[in-house]
Amino acid sequence: MIQKCTVITVLLFIFFSAPGYAQQDAMPLSLKQCIDLALKNNVEVLLARARGTQARGQQTVWNADLLPQIDAVASQQRTWWENIGALGFPGFTGVIGPFNTFNAGIMVSQRVLDFSALAHAQSGKIKWESSQLGIKLASQQVILATSLAYVRALGYAEELSSSHEDVLLAEHFLSLSLHQLDAGLASRVDVARERTKLAQQKARQVELRLNVIKSQLELKRLIKVPLSQPIELTDTLGGQNDDHLKVDEAIAAAQKDRMEIQVAQADSDYSLEELKASQREYLPKINVSGEWGETGLTPQRDETHAANALLSISLPIWEGNRIAGDINEKKGLNEEQKFKLDDLNWKVEEDVRLSLETLASTRAQVDAENQVEDLAQQELTLAQDRFSAGLGDNIQLINAQDALADARDKYVQTQVQYDQAQLNYFGAIGDPMEFHLGKVN
């Protein structure tokens, strides 16, 4: 197999040859550095954290219903006339007024018994826990997306590196054809074929260079690096071992560690607590309140102490079927969450089984394409020797060049597919941070 240029060499060639990059140094980035930047800056993680803050606020609001409510109150009232007899004072008749009334004091109320509020408080706790799991889920998804973008960018860079070798090879064979023409061992048709092949390789190189630029723009957007900043990817394709869990162990690990399942379970628990809260609206509620303060005609005149306490019990008798409607709504939401959770367990098992099958298949493809590339190189060497010896035209040489270029591309593509398969495997079992790439020597 022909020795390939390193990814770093290719990237430097791209950036220093592209307009606008000549005066700017490339930023070296490993996969881990890209993941760290993505976890810090990616919008999906930031949105998940914002939802966590919202859930914490909602939990605080629902918990407040279980805590004492203390208010400082003050009022100044002006009464122009009041029928004392109507208030029930014996021996008093007629109307009095005008007069002032001032009250100031502390009012305290406490829910002694409210099963619905207790259920709301529990659901608020579950909602907050679900939001924290949501942050972890968003982080895992960002890790997967960043790693996939990194692998794609490496693959395009490797293909561009191979195309650089193909251009050099086409230039060499064009020079050989010209030499053979001068020696009378080749025709102008042979030279024309090699010129055409060189033009095709250069055109393909331009296309691949665009693919590299697009893939790097995607990566830079994910990790929030300025899009005008050149980057240098310091990891290489491959480097991961084949020590993977067996099917049953992988499925068990996935059902335990996949954040999607944990979030779905938390959402199901939340919907169940909200259903309980709605059902408990039918139960009686007991509330205690009290007030202590000063009362008088004005704040500075004839003030006396005043205190009162109230114990109240409420029980809904008729509320227009509001509670029944709310219960039906919450039942539907709870059933929906259960169906989603059950389907997700099936999907997780499918992901694990498919990822393991894909791993085995792509591993075999990598080995096969490696052999194809070696054989294509041997075929090219034989065709070159035959043409150099003046035995026939260069059609076999052109075909061998095509075969080698195609073998190189397919080998790189299968390497990318294998790394993606490994990444999908670690994502399927809920541990994408275990995915690693090779390092540049």
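Predicted model: local features only at pLDDT ≥ 70, side-chain atom pairs only at ≥ 80, totals over all residues.
Trainee: Which element gives the most residues to the largest nonpolar core?
Mentor: That core has 44 residues. Several elements give two or more residues to it, including helix 4 (115–182), helix 5 (188–223) and helix 8 (322–388). The top contributor, with 9 residues, is helix 9.

Trainee: Which residues does Tyr150 touch, leaving out those up to four places away in sequence?
Mentor: Tyr150 is among the residues with the most contacts inside the largest core, as are Leu219 and Val352. Its partners, beyond four places in sequence, are Leu29, Ser30, Leu31, Cys34, Leu219, Leu233, Thr234, Asp235 and Leu437.

Trainee: How many residues are in the second, separate core?
Mentor: Phe173, Ala186, Leu380 and Ala407 are included in this core. The count is 12 residues.

Trainee: Is helix 2 parallel or oblique to helix 5?
Mentor: The axes lie 7 Å apart, at an angle of about 50°. Roughly parallel needs an angle under 35 degrees. Helix 2 to helix 5 is therefore oblique.

Trainee: How many residues of that contact are charged?
Mentor: Cys34, Leu37, Ala38 and Asn41 of helix 2 meet Leu219, Leu222 and Ile223 of helix 5. The contact divides into 6 nonpolar and 1 polar, and the charged count is none.

Trainee: Where is Lys224, and what is its phi?
Mentor: Lys224 sits in the loop between helix 5 and strand 6. Its relative accessible area is 43%, so Lys224 is partly exposed. Most residues other than glycine have a negative phi. For Lys224 the value is positive, near 60°.

Trainee: What is phi of Asn321?
Mentor: Asn321 lies in the loop between strand 9 (304–314) and helix 8. Its phi is positive, in a residue other than glycine, and is near 65°.

Note on methods. Residues numbered from 1 in each chain as written. Heavy atoms only, no water. Core = buried A, V, L, I, M, F, W, Y, C linked by side-chain atoms within 4.5 Å. Buried < 20%, exposed > 50% of the residue type's maximum accessible area, 1.4 Å probe, protein only. Helix = DSSP H or I, 4+ residues; strand = E, 2+ residues; numbered from the N terminus. Contact = heavy atoms within 4.5 Å. Axes fitted to C-alpha atoms, helices over the stretch in contact; angles between N-to-C directions. Parallel < 35°, antiparallel > 145°, perpendicular 65-115°, else oblique. Nonpolar A, V, L, I, M, F, W, Y, C, P; charged D, E, K, R; others polar.
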